[in-house]
Amino acid sequence: AVVSTQSTGVLLHLSQSNQLTEYFTVLVNMELSVHSMEVMNELLGRVVLPPEYIHLYITKCITHCHHCQDRLLQHRFVRLVCVFLSSLIRHNTVDLKELFVEVQAFCINFSRIKEAAGLFRLLKQMDCESAS
């Protein structure tokens with residue numbers, strides 16, 4: 001948690017510089033880990049990132065879950081990604097319209113995992129609210 005806070009602090013400081021785009025690119029392209037997800041989640045709570053970086057990161061998270069060979073690690077990442085996405089949705093940090101189908105398919109694919117089923121319900125609720 002301390003490293004996550006320090007990493008976020010550095011990125012917040014860089015948000016004042018013209019090199020921020022380069023750092024976002026590096027962050028989005030980092031190997032996915034619990035730590036990188038914590039940094040991204042904390043950063044999204046403090047800085048407005050360009051939507052293309054957020055969408056790219058979400059796609060990367062989903063792809064990582066699909067390609068993870070270790071079943072226990074895969075389930076752990078699926079749960080983390082679902083909690084991460086649910087948090088982004090609840091805090092209106094991201095507009096998932098462009099990724100709705102991809103995220104919905106992810107939830108269906110991992111529906112046996114409680115957090116994925118919860119995210120699917122949240123997506124359906126959002127879909128119903130936007131339709132009315």
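Buried means under 20% relative accessible area, exposed over 50%, and partly exposed in between, using a 1.4 Å probe and protein chains only. By that cut-off tyrosine 53, at 13% relative accessibility, counts as buried.

This is a predicted model, in which local features need pLDDT of at least 70 and side-chain atom pairs count only at pLDDT 80 or more, while totals for chains, interfaces and linings use all residues. Residues are numbered from 1 along each chain as its sequence is written, and side-chain values use heavy atoms, with hydrogens and water left out.

## Overall fold

The protein chain has 7 helices and 0 strands. Helices (H or I, at least four residues) and strands (E, at least two) are DSSP runs, numbered from the N terminus. Along the sequence the pattern reads α-α-α-α-α-α-α. The chain holds 132 residues, and 39% of them count as buried. Contact means heavy atoms within 4.5 Å. Among contacts in the chain with a separation of 6 or more, 70% come from residues 24 or more positions apart.

## Helix pairs

Two packed helices are described by the angle between their axes and the distance between the axes. Axes are lines fitted to C-alpha atoms, for helices over the stretch in contact, and angles run from 0 to 180 degrees between N-to-C directions. Angles under 35 degrees count as roughly parallel, over 145 as roughly antiparallel, 65 to 115 as roughly perpendicular and the rest as oblique.

| Pair | Axes | Angle |
|---|---|---|
| H3 and H4 | within 13 Å | roughly 150 degrees |
| H4 and H6 | within 11 Å | roughly 25 degrees |
| H5 and H7 | 8 Å apart | about 25 degrees |

A crossing is left-handed if the near helix is turned anticlockwise from the far one by less than a right angle, and right-handed if clockwise. For residue classes, Ala, Val, Leu, Ile, Met, Phe, Trp, Tyr, Cys and Pro count as nonpolar, Asp, Glu, Lys and Arg as charged, and the others, Gly among them, as polar.

**H3 with H4.** The axes cross at roughly 150 degrees, which makes H3 roughly antiparallel to H4. The crossing is left-handed. On the H3 side the residues are Ser36, Met37, Met40 and Leu44; they meet Ile54, Tyr57 and Cys61 in H4. This contact divides into 6 nonpolar, 1 polar and no charged residues.

**H4 with H6.** H4 covers residues 51-67 and H6 residues 100-109, and their axes cross at roughly 25 degrees. H4 is therefore roughly parallel to H6. Their crossing is left-handed. H4 brings Ile58, Thr59, Ile62, Cys65 and His66 to the contact, and H6 brings Glu102, Val103, Phe106 and Asn109. By class there are 5 nonpolar, 3 polar and 1 charged residues.

**H5 with H7.** H7 spans residues 114-131 and packs on H5 at an angle of about 25 degrees. So H5 is roughly parallel to H7. H5 passes H7 in a left-handed crossing. Val78, Arg79, Cys82, Val83, Leu85, Ser86, Ile89 and Arg90 of H5 meet Glu115, Ala116, Leu119, Leu122, Leu123 and Met126 of H7. The classes here are 10 nonpolar, 1 polar and 3 charged.

## The buried side of H3

H3 runs over residues 34-44, and Ser36, Met37, Val39, Met40, Leu43 and Leu44 are buried in it. These residues cover an arc of only 160 degrees around the axis, so they lie on the same side of H3. The arc is that of the directions from the helix axis to the C-beta atoms.

Serine 36 belongs to this helix. Its relative accessible area is 2%, so serine 36 is buried. Not counting residues up to four places away in sequence, serine 36 touches Met30, Glu31 and Tyr57.

## Two further buried residues

Tyrosine 53 sits in helix H4. Leaving aside neighbours within four places in sequence, tyrosine 53 is in contact with Thr21, Phe24, Thr25 and Val28. Tyrosine 53 and phenylalanine 24 are 29 residues apart in sequence and 7.1 Å apart in space, C-alpha to C-alpha.

Leucine 88 lies in helix H5, residues 71-90. With 2% relative accessibility, leucine 88 counts as buried. Beyond its neighbours within four places in sequence, leucine 88 is in contact with Asn41, Leu44, Ile58, Thr93 and Val94. Leucine 88 and leucine 44 are 44 residues apart in sequence, and 8.1 Å separates them in space, C-alpha to C-alpha.
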